Amino acid sequence: MAHSARRDSPEFPDFSLLKRLVRDQLIYLLEQLPGKKDLFIEADLMSPLDRIANVSTLKQHEVDKLYKVEYKPVISTSDQLCFLIRPRIQTVKWICDVVNADKAAGRFKRYKIIFTPQKFYACEAVLEEQGIFGDVTSDEWAFYLLPLDDDIISLELPEFLRDNFLAGDQRWVRTAGSALHLLHSLYGPFSKLYGIGRCSKMTYECWRKLVEEGEQKAHQAEIGNVFLIDRDVDFVTPLCSQVVYEGLVDDIFRIKCGCVEFGPDVTSSDKSVKVMLNSQDKVFSEIRNEHFSNVFGFLSQKARNLQTAYDKRRGMDIKQMKAFVSEELKGLKQEHRLLSLHIGASESMMKKKTKQDFQELLKTEHSLLEGFEIRECISYIEEHINRQVSMIESLRLLCLLSATENGLLPKDFRSLKAQYLQSYGVDHLLTFSNLKQLGLLVEQQPGETLTVMESRVGKLVNDKTAGKLTDAFSSLAKKGNFRALSRRLNLVPKSDEEYDLRVPRDMAYVFSGAYVPLSCKLIEQVLEKDGWTGLEEVTRLLNGHEFAVTGSSGADLKPKNNAQRVVLVMFLGGCTFSEISALRFLGREKGYKFIVVTTSIINSSRLIEALLDDHV
């Protein structure tokens, strides 16, 4: 069931060092405020922090009480308050209110703000404006990378997507560059760096400056090649429904920091259970990358094997029974518990997906990807909207229609937009504006063919004085070429061929054989060709910003070793579990080991939610 890796596959580097480094740094920062203190933690930092330093670790370093930042008056009686926060203006203003309230009441306390992963000048400016700059001390906790598994590392920055690609705020680029520099310092030197996208280019430039400024330490490379890719190079992939097991679990139960909470419908009890989903879970590690249609067969076989292992007890003498209990029983019980949870999760997912006519939904998505029966697809989307099935789902289907069809015909755009606003409310007008700005939901311009549009955009891109206008047009151009890209890269396999999902032949299996993720196909092609040579037409359709450079001096001159086949792929703006499964498949086929570094794990819902207007 689980695909075996090639015998010559390299090993993954040990990323536990990343956890130890950030934990030690956090402890050092907490000890700079000696004595008992209360710690206020921003809500979205709680899960990442739990993976680094648990409550007992914090207590050992004189953290008395823990509070979640809730933007209301503080009830703490401690005379030392420590705030662990993201560099957000809203949170800093709340801290200013807390400090000023204490000053007004004559309470004198010590305050420390720990910004993570970095502090911004704007935050310090707020402290100064509010008159408390001298009352607080502030530090940075360089918590750039959280290893979620052997091959997945997250920056846990879900705001990266909206801030960078929608608002044009590039403040997180330095964070991404610093994260890459940390990996280079610990596991480099890198031999080759490839990338595509404006943000990737800036991240590379930032990393290069950090390398030039820092000390060069010679050590054995554990990572050979690096690929940087912007999320807006491929928005089609995260808009598709996921059908590999891990992706479906994320879509339905929401995986957070590598952990999922299964409710009573899965546990068959009145309690919810938190489960860590990683390669240490023997059951999960074998089904995580499988198409969902194969999962039940595997779980049934696993249950039979487990029963056979239990049955070994019959006929044992006392000595054998003692050995069985001490060596095997605990492991079998653990496996049994996990097996029952994954069976429960699979049954729950089957019920939910049947209710939503999942097969019909997938058929519509596949038609959109192939470019067939578009009128029937539009009718399906209209029905979806008018039945008010799901606000997010309807918007996702509209975006997928626009992204695959190079924009909507004016009459279709107006009609579908009107129906959506009538069904879900006119307060979504600003959301439509956001999606248009990003090029995700656009109206085709009458009388303008794609070729004319491309040539105009080409002229604008070459004009360095065009500024924001260039960026807006390049964004539109990027989303307008899916059909041409699909043909050139063979993203949609021929539908007349039977696709056996039990024995996948390419990365398309992650979408039931209907579509190879564009992002993963690009990575495959560039590694195969050792650069962008031969892909000039593809990069033109993606509007460029591609690069291929030799890494640290002399690194690529060393004899080829296993590190050359360890490839780090950094997704700027988020990555889906479907893409991770596709890269694992590619790695098994080609003898690579892929390490995925992403600003956050996303799926279609999170992508759309990130682009909703703030007030919706």
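These legends accompany several close-up views of a predicted model. Local features need pLDDT of at least 70 and side-chain atom pairs count only at pLDDT 80 or more, while totals for chains, interfaces and linings use all residues. Residues are numbered from 1 along each chain as its sequence is written, and side-chain values use heavy atoms, leaving out hydrogens and water.

**View 1. Helix 1 crosses helix 7.** Helices here are DSSP runs (H or I, at least four residues), numbered from the N terminus. The crossing is right-handed, a term for the near helix being turned clockwise from the far one by less than a right angle.

**View 2. Side chains where helix 1 meets helix 7.** From helix 1 come L17, L18 and L21, and from helix 7 come L182, L183, L186 and Y187. Contact means heavy atoms within 4.5 Å. By class, this contact has seven nonpolar residues, no polar and no charged. Nonpolar covers Ala, Val, Leu, Ile, Met, Phe, Trp, Tyr, Cys and Pro; charged covers Asp, Glu, Lys and Arg; the others, Gly among them, are polar.

**View 3. Helix 23, largely enclosed by the rest of the structure.** The twelve residues of helix 23 (518-529) reach 16 Å from first C-alpha to last, close to the 16 Å expected at 1.5 Å a residue; the expected span is 1.5 Å times one less than the number of residues. Ten of the twelve are buried, so the rest of the structure largely encloses this helix. Buried means under 20% relative accessible area (1.4 Å probe, protein chains only). Among the buried residues are K521, E524 and Q525, along with L522 and I523. Just after the helix, D530 takes a positive phi of about 55°.

View 4. Setting aside neighbours within four places in sequence, C123 touches P87, R88, I89, V92 and F115. I89 is 34 residues away along the chain, yet the two C-alpha atoms are 5.9 Å apart.

**View 5. Cysteines without a disulfide.** Which cysteine sulfur is closest to that of C96? That of C123, at 9.8 Å, too far for a bond. The whole structure has zero disulfides (pairs of cysteine sulfur atoms within 2.5 Å). C96 is buried at 0% relative accessible area, and C199 is buried at 1%.

Methods. Helix = DSSP H or I, 4+ residues; strand = E, 2+ residues; numbered from the N terminus. Buried < 20%, exposed > 50% of the residue type's maximum accessible area, 1.4 Å probe, protein only.
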